[in-house]
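Thanks for coming, everyone. I'll take the chains and their interfaces in turn. Please have the model open.

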Amino acid sequence: MTTLKSFLRGGAFIQPIWIFVIALFVFFSLMSEYFLSLGNINNILVQTSTIGLLALGMTYVMINGNIDLSVGATLGLAASLAVGLQPLGLTVAVLASLAAGIVIGAINGLIVWKTGVNAFIVTLGAMIGVRGLIFVYTQEQSFYASNFAFVDFGASTIGPFPVLAIIFLACTLIMHLVLKKTGHGRNTFAVGGNPEAAMDAGIRIGRNMLINFIIVGFFAALAGVLLATQMGASTPNLGRDYELWTITAVVLGGTKLTGGHGSISGTLGGVLAIGILRNGMNMMQVPAFYVLVILGAILITVLIIDQRLNVPTAKGVRA
Amino acid sequence: MASAEDVKQGFMLSKNQRAGLLSFLSAQGILVFFLISMLAFSLFSEQFLSQSNIMTVVRQASIIGIIAVGVTVVIIGGNLDLSVGSMLSFSTVLVVDLHDKIGPTNAILVMFAMTLLIGAVNGFLIGFMRLNSLIVTLAMLSAIQGLVLIYSGGQNVDIANQGDTWFAFFGRDYVAGIAVPVLLFGLLAVIVQVVMSFTGYGRRIFAIGGNPVAAVYSGIRKNWCVFSTYLISAFCVACAALVLGSRVMGSQNNVGQGYELLVLAGIILGGTSLLGGAGSIWKTVIGVLILGFIQNGLLLMGYPYYAQWLVTWVIIILAVWLDLAYKRKHLFTTHS
Amino acid sequence: MTAMTQNAEARPVLELVDITKRFPGVVALNKVSFDVRPGEVHALLGENGAGKSTLMKVLAGKHRPNGGKIILEDEERVFDTPKEAKRSGIVLIHQEQSLVPEMSVAENIFLGSTPRKWGNRVDWKRLHADSTEILERLKCDFSSRDLVSSLSIAKKQMVEIARALVFTPKIVVFDEPTASLTDHEKPVLYDVIRNLQAQGVGIVYISHRMDEIFQLSQRISVLRDGEYTGTVNTAETDEESVTQMMIGRSLELDHASKPSEFGGPMLEVRGLTVKGVCSDVSFTVRKGEIVGMYGLVGAGRSEVAETIFGLRHYTAGEIRLDGQVVDFRSTHDAVTSGIALVPEDRKDQGLVLGMNCRDNMTLAGLSTVSSFGFMKSRDERAVYDRYQQAMKIKSPSWRQRVGNLSGGNQQKIVIGKWLHTHPRLLILDEPTRGIDVGSKAEIHALIKELARSGYAVLVISSEMPEVLGVSNRIIAMYDGRVTAEFDADNVGEDQLVQAITGMTGSTPQAAGAVV
């Protein structure tokens with residue numbers, strides 16, 4: 001038991017979620033002959049890429065000890081801009097979308113930094129407000145892509161691999177390296193793990209948080225643009241509830257809400273677990289709603305396991 | 001230097017006399033804001049302050065308000081409840097669907113029992129297992145949404161004979177000229193406010209939210225108290241489902257989607273801190289009403305309904321920020 | 001020894017002159033002066049709450065002093081942030097851990113000053129090489145790549161020390177560095193200190209342990225209740241006179257009126273064992289008797305109290321309350337059975353700081369001031385007024401937030417809270433920690449009065465004058481065990497010190513405990 005514990009806790013190389021991902025993978029391969037095919041795996045990656053990109057940024061923000069509830073709304077705004085501004089040219093439309101994401105992230109980050117208001121509240125406000133912006137901009141209309149290059153991009157492949165999957169995996173790799181290898185990434189851990197120590201050591205906490213909010217805003221916008229290329233359209237309600245899925249994926253991946261702990265590899269595992277579950281159950285023709293129940297159950301199970309692994313907290317007092 | 005500090009200390013003391021007024025204004029700041037915004041809207045629209053308009057707004061706000069009453073108790077106890085939106089869908093679908101099958105009385109009883117059961121699951125996981133309330137209720141949000149869809153098979157439900165059931169009372173009737181939903185909202189708010197302010201139970205919840213460790217060291221049964229807050233929250237959701245089901249006489253599967261966040265917005269706007277240990281029901285009532293009146297006022301002024309979301313964004317952050325800045329300046333100066 | 005004499009004549013590298021620091025309601029430091037010469041170990045002694053840690057926080061830029069000067073190398077300095085102090089060569093090795101748990105040892109050592117390559121990338125090679133070099137100097141047996149969260153407390157302490165060596169320090173402050181170290185690990189620390197000394201670094205060494213201080217230091221300065229009481233050369237003094245400087249004369253006054261009539265046993269603890277915390281603890285508290293539990297921080301005293309109070313499971317042994325065997329599943333059970341615990345940490349465990357005085361006072365006995373669940377506010381006020389007057393609590397009104405009161409008044413509120421439950425057994429854990437002298441004496445008098453009126457009282461303390469002055473009997477604890485039991489009126493201070501430091505040659509039991 002102790003060795004299992006230390007193995008799971010050590011987790012430096014393998015996050016527990018990956019055991020689950022592999023188990024799911026094996027299970028569905030056995031249950032459905034169509035599951036284990038290149039086409040289906042590409043499918044899973046493409047389907048996963050949207051929540052996946054959101055989760056990359058969210059991981060940074062959550063390691064910081066913050067949270068961002070506005071990612072779904074930001075995604076929706078970016079998608080609407082990317083489609084709606086196409087008359088001005090594709091480049092303009094895409095750049096404007098990405099810029100919008102960065103600006104919203106910066107606003108969130110600045111408010112958290114300068115006012116000290118809890119990130120949960122700040123981004124809850126932003127979530128409601130940005131959704132309002134979408135409706136103001138779109139006048140409650142859905143937009144359809146007029147530029148065929150835009151739609152083609154969403155369906156394009158390089159060799160056998162879909163471009164969207166490649167972009168997602170490339171971003172994952174970059175974010176993994178930034179978190180592991182750069183000063184910014186390491187400071188992100190320090191700020192979330194022990195803010196006072198980080199401040200004493202001269203790390204600029206506010207600036208670090210601001211950058212991470214900008215990162216999550218950027219990725220939300222990127223996810224929105226890519227989702228729009230997939231759909232060839234945008235709707236004003238696009239991205240609703242995505243923040244909940246994203247947080248679920250990140251928490252499944254072992255990132256703690258209290259900050260200072262988490263990894264991109266874990267988040268990738270969390271995102272894939274959800275993606276495989278959805279895809280596999282779809283293959284087995286289980287109605288989509290069961291996935292919701294199973295996902296909730298898994299999330300709580302992960303939480304219980306995590307708590308059991310970290311029992312000796314708070315000096316062992318039953319308080 | 002020492003002397004400068006002395007001067008500062010002296011200044012603080014003389015300020016103490018004004019502190020009473022200031023803290024009153026701070027505590028009632030949201031009320032002041034409420035009155036000012038009402039006044040502003042009434043300048044733009046004559047209709048706004050009419051009795052019928054006010055009643056309409058309050059009636060519309062009552063469903064979110066009823067839920068917010070329960071969630072406020074959870075938050076005062078230092079936790080969160082994000083599952084109320086899904087629970088509302090679940091309970092509404094349940095009561096509407098069962099209405100024709102087992103009769104209104106039984107349907108209502110079963111619905112309350114099932115909703116309280118879900119509340120008990122939340123309460124058990126958070127109170128006794130001591131899991132993080134945000135993640136647990138997030139997981140429950142997803143799981144319950146799934147349960148609703150499984151139960152209904154993805155179909156919307158409705159009551160066949162809508163004109164001929166006393167079930168309509170909860171959503172459509174008036175008592176003494178006041179809509180039943182509004183009465184229910186008011187009644188729940190008053191009862192819960194009284195419980196929180198004047199009973200030992202309320203005191204314990206405040207203590208747990210303020211300092212859970214000290215509460216346990218004072219012999220308070222923290223797990224039971226936290227557990228009970230989720231039962232209260234579930235009970236309020238059940239009441240809201242009663243109103244919603246009765247008003248619509250039917251239900252979509254996702255009718256409560258996003259309610260958890262609107263409820264939170266109302267509570268935060270009212271000035272209840274998410275940190276726990278502080279807050280009140282009447283603040284929440286005002287917060288919820290402000291959201292309702294902003295929406296209504298903007299509509300009357302000719303803006304689309306989504307304009308209120310932008311305004312909500314700004315005022316939530318302003319309200320919390322000003323509150324925080326005030327507290328830093330006047331309450332926490334004595335701490336290093 | 002010639003080197004030592006040179007040091008003695010060297011100009012101080014650091015001087016603190018007339019440092020004053022006030023907190024609301026308490027003067028933590030009153031015109032304290034202190035200096036450190038290069039290459040010396042200057043021990044700073046004083047009881048808990050005497051102001052040692054506050055003084056060091058002033059030095060390290062964590063607190064702004066209300067008055068006085070800091071002179072570093074003949075230059076007056078003001079440190080606004082810990083980083084400024086660190087840059088100037090002053091390093092504080094914290095009592096509380098200031099490490100980031102989920103980062104590697106190397107990253108913690110170089111937190112905020114990690115070596116970088118182009119593109120803001122961490123230069124891991126250099127980081128680990130530099131860290132390993134420092135760790136080797138400290139003779140650490142763990143790798144710079146280990147996660148801090150996986151290290152023992154002692155090893156974490158070594159990481160903190162390693163962090164101090166990154167900048168070439170001029171002054172290193174060790175605040176109770178051996179509190180969490182085993183006997184095996186201490187010599188390594190001593191070597192580190194001597195090594196720093198040889199490089200001309202000035203060391204400030206804060207500790208309660210006399211043996212360490214006499215082994216390491218060249219000079220000793222003593223603080224008492226925020227006042228500077230003097231500095232002596234270690235070679236020219238002995239433990240007794242240093243203890244005298246620490247305790248002062250207040251000792252005699254307190255002996256006056258202890259309770260003397262005892263009833264039957266109220267609390268009997270037999271062979272109490274909690275895994276990893278304490279083992280085979282046995283003692284008895286009679287009605288009307290005050291028993292002092294004396295030991296260093298970490299000896300397991302608070303844990304014993306928490307176990308009696310239903311906060312911890314015990315693995316073996318037995319607790320009897322008034323003859324009945326009890327095993328509380330929760331604090332609620334303990335409180336209803338008539339046990340009260342005034343906890344060690346007033347702010348975290350004792351009070352809800354955001355609540356007002358009255359609400360805190362009635363929190364443990366809500367059922368007595370309510371009927372059918374409704375609070376009777378008049379009764380509540382009466383309870384508050386009664387204890388406010390009885391204990392002379394200074395508060396503008398019952399509406400005052402407890403967080404705004406001084407430490408002494410806060411503690412009185414906690415005690416009042418428990419008196420209101422009319423307990424049979426009152427346990428007080430460090431009842432006067434961080435409290436000014438006046439309130440201290442009042443609380444001591446109160447404890448004696450309570451015992452005389454029939455309460456069984458257990459007082460846990462790490463202050464010798466307190467246990468000597470208040471209690472009838474003293475139980476000494478060391479390393480989770482009871483090492484000795486004394487009659488408080490017939491015990492030498494040296495006996496007590498030996499019993500709680502696990503020194504050889506005290507009692508037969510103590511000899512057993514050292515293993």
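How much area is buried between chain A and chain B, and what share of it do carbon and sulfur atoms give? The area is about 4100 Å², and carbon and sulfur atoms give 81% of it. Buried area here is the accessible area, with a 1.4 Å probe, that two parts lose on being put together, summed over both.

Ground rules before I go on. This is a predicted model: local features need pLDDT of at least 70, side-chain atom pairs count only at pLDDT 80 or more, and totals for chains, interfaces and linings use all residues. Residues are numbered from 1 along each chain as its sequence is written, chains are lettered from A and ligands numbered from 1 in the order in which they are written, and side-chain values use heavy atoms, with hydrogens and water left out.

Back to A and B. Chain A brings 46 residues to the contact, and chain B brings 46 residues. Contact means heavy atoms within 4.5 Å. Salt bridges between chain A and chain B: zero. A salt bridge is a side-chain nitrogen of Lys or Arg within 4 Å of a carboxyl oxygen of Asp or Glu. Polar contacts: four residue pairs across this interface, both residues at pLDDT 80 or more. A polar contact is a pair of N or O atoms within 3.5 Å; within protein, one must be able to donate a hydrogen and the other to accept it, and residues adjacent in sequence count only if both atoms are side-chain atoms.

On chain A's side, the elements giving two or more residues are helix H5 (90-115), helix H6 (119-138), helix H12 (242-252) and helix H14 (288-309). H6(A) gives the most, with 15 residues. By type, that side has 30 nonpolar, nine polar and seven charged residues. Nonpolar is Ala, Val, Leu, Ile, Met, Phe, Trp, Tyr, Cys and Pro; charged is Asp, Glu, Lys and Arg; the others, Gly among them, are polar.

Now chain A and chain C. Here 24 residues of chain A are in contact with 28 residues of chain C. Together they bury about 2000 Å², with 49% on carbon and sulfur atoms. There are three salt bridges between chain A and chain C. One of them joins C:Lys62 to A:Asp200, with the closest N and O atoms 3.3 Å apart.

H9(A) gives the most, seven residues. The side of chain A that touches chain C divides into seven nonpolar, 10 polar and seven charged.

Over all chains, the structure holds 28 salt bridges. Among them is A:Arg186 with C:Glu107, closest N and O atoms 2.3 Å apart. That pair crosses between chains, from helix H9 of chain A to helix H4 (residues 105-109) of chain C.

Finally, the chains themselves. Chain A has 14 helices and four strands. Helices (H or I, at least four residues) and strands (E, at least two) are DSSP runs, numbered from the N terminus. The C-alpha atoms of chain A fill a box of roughly 60 × 55 × 35 Å along the principal axes.

Chain C has 20 helices and 24 strands. Its domains, from an automatic or database assignment, are domain 1 (2-248), domain 2 (259-338 + 424-515) and domain 3 (348-422). Taken over C-alpha atoms, the centres of domain 1 and domain 3 of chain C are 40 Å apart.
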